[in-house]
Amino acid sequence: MKILTQLKKYSAELVDLHHTLALMQWDQEVRMPRRAAEGRAGQFATLSALVHRREVAPELGVLLVKAEAQKTSLSVEDRALLRVMRRSYDQNTKLPEEFVAEFSRLTSQAQMAWLEAREQSEFAIFQPLLERLVVMARQQAEYLGYAAHPYDALLDLYEEGLTTVQVEGMFAELQVPLVALVKRFSGRLPPLAFAEPFSQTGQEQFAEHLLVAMGFDFTRGCLTRSAHPFTTTLGHHDRRITNRYAPKSLDFIFGALHEGGHALYEQGIAEGLAHSHLDDGVSLGIHESQSRFWENVLGRSRPFWQRFFPELQQAFPAQFAHTGLEDFVRGINAVTPGLIRVDADELTYNLHVLIRFEIEKGLIEGSLEVAALPRVWREKYRQYLGVEVESDAVGVLQDIHWAHGSFGYFPTYTIGNLASAQIWEAYKKYDPGFCQTLADGNLAKVKEWLAREIHAHGSVYLPQELLVRVTGAPLSVGPFLAYLEEKFSALAG
Ligand code: MG
């Protein structure tokens with residue numbers, strides 16, 4: 001059999017195994033009974049160890065070397081497959097099997113502890129597991145290796161090549177202008193408040209309606225409920241979204257648009273890349289650019305709601321009969337420094353990320369103890385956002401990421417926000433009549449452009465390379481700050 005055929009077969013097998021793990025994860029967060037937690041943790045440990053064994057098998061190493069010898073004769077896609085598999089092989093061979101199994105078992109237990117800790121607002125329940133997770137994350141960084149800072153090794157897992165110094169530089173450019181914008185627009189756009197609760201069924205139906213309008217294909221995906229909304233892939237034709245529903249909040253709308261943006265990226269990957277390592281978004285930052293594009297750039301814009309607000313009014317007359325379009329659009333963009341990252345407006349959001357970045361960096365370099373987190377969290381929220389953290393549930397326990405063992409993930413949210421504004425500039429050049437396009441509800445036009453320019457390529461191009469291809473420039477903070485300035489000035493009148 002040809003080397004490349006063998007490599008593709010190997011890729012398909014690993015992808016199958018990862019999708020099986022993803023199914024177990026989806027089940028754990030959506031359907032699994034609580035007392036199944038320990039058994040599931042054991043299943044994760046067993047399967048992860050077996051998958052890891054396949055990922056580090058010497059035969060794969062040999063295949064990669066042989067394929068690399070033929071590199072110059074390969075197509076762009078095949079060279080990309082080789083690059084992605086090489087990167088994954090190198091990362092995996094650095095991690096001992098016992099470490100992978102133990103890390104998997106620990107994160108599974110930690111997620112259950114985190115859920116309970118958050119419910120009871122009691123950091124002490126999560127603390128011992130988080131302490132062990134930090135020790136393991138630091139160990140992971142040592143195994144993976146890094147040039148300047150141990151946190152670099154973890155950042156690179158989510159955004160290839162990203163370094164601590166780059167993230168510090170990005171926030172150094174963002175922080176002062178963001179704080180100034182927050183000061184200018186805080187309290188100037190009246191938030192929406194609802195006396196009447198939204199019915200759960202009504203929320204689900206409207207979320208589904210928006211997803212259909214975006215072009216989410218329900219024959220290749222589904223929508224269910226979970227504590228923390230997410231999107232996952234269980235196969236080329238199986239991209240799943242979860243959402244959450246609160247009685248008096250619009251989370252159901254923005255959660256659906258956000259996760260829908262992630263899912264459209266995945267559903268848009270070319271058929272030719274199916275069942276391979278390339279059948280995936282290229283990085284978390286680019287992935288987040290797609291979710292934020294739909295949630296914020298489109299989903300909090302006036303033209304978008306010109307089309308959908310009448311339908312929202314019709315679906316929920318008790319809540320919206322006496323609200324006008326202008327008040328609604330101002331309301332969904334209200335700038336209010338708050339406690340919860342996922343509820344944050346576009347001006348304060350990246351300050352929430354900055355806090356997590358500083359904490360993670362401290363934990364990984366060893367300058368910050370886990371025991372100090374609730375106190376440090378309170379101090380930073382007071383300092384950067386001017387808010388008092390009333391309890392750990394709405395403070396240090398709000399995010400699931402650390403329970404997943406994910407350190408180095410948060411900065412990709414800010415990268416996504418910056419990239420979404422840069423991609424929007426490129427879209428507006430392509431479609432100067434974008435206001436009318438949105439007001440007409442012609443979301444297919446936007447989706448098709450995104451699919452052609454970004455989605456179809458899966459992981460073929462490196463994230464920076466893709467961004468340059470689409471927007472003509474590498475990632476920078478300028479377009480994002482310009483977008484915020486223009487948008488909020490117009491809204492505040
Ligand atoms: Mg996201």
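The following dialogue examines how terms are assigned in this predicted model.

Guide: In this predicted model, local features need pLDDT of at least 70 and side-chain atom pairs count only at pLDDT 80 or more, while totals for chains, interfaces and linings use all residues. Residues are numbered from 1 along each chain as its sequence is written, and side-chain values use heavy atoms, with hydrogens and water left out.

Visitor: Why is His258 called buried?

Guide: Buried means under 20% relative accessible area, exposed over 50%, and partly exposed in between, with a 1.4 Å probe and protein chains only. His258 has 11% relative accessibility, so His258 counts as buried. His262, at 11% relative accessibility, counts as buried too.

Visitor: What makes His258, His262 and Glu288 donors of the magnesium ion?

Guide: Donors are N, O and S atoms within 2.8 Å of the metal (3.2 Å for Na, K and Ca); water is not among the atoms, so sites may look incomplete. His258 (NE2), His262 (NE2) and Glu288 (OE) coordinate the magnesium ion at 2.2 to 2.3 Å, so these atoms meet the criterion. Along the chain, the donors follow the spacing H-x3-H-x25-E.

Visitor: How do you know that E1 and E3 pair?

Guide: Two strands pair if DSSP finds at least two bridges between them; strands are DSSP runs (E, at least two residues), numbered from the N terminus. E1 and strand E3 (residues 238-243) have 5 bridges in the parallel sense, so they pair. Within this pairing, Thr224 has Thr242 in E3 as its bridge partner.

Note on methods: Helices (H or I, at least four residues) and strands (E, at least two) are DSSP runs, numbered from the N terminus.
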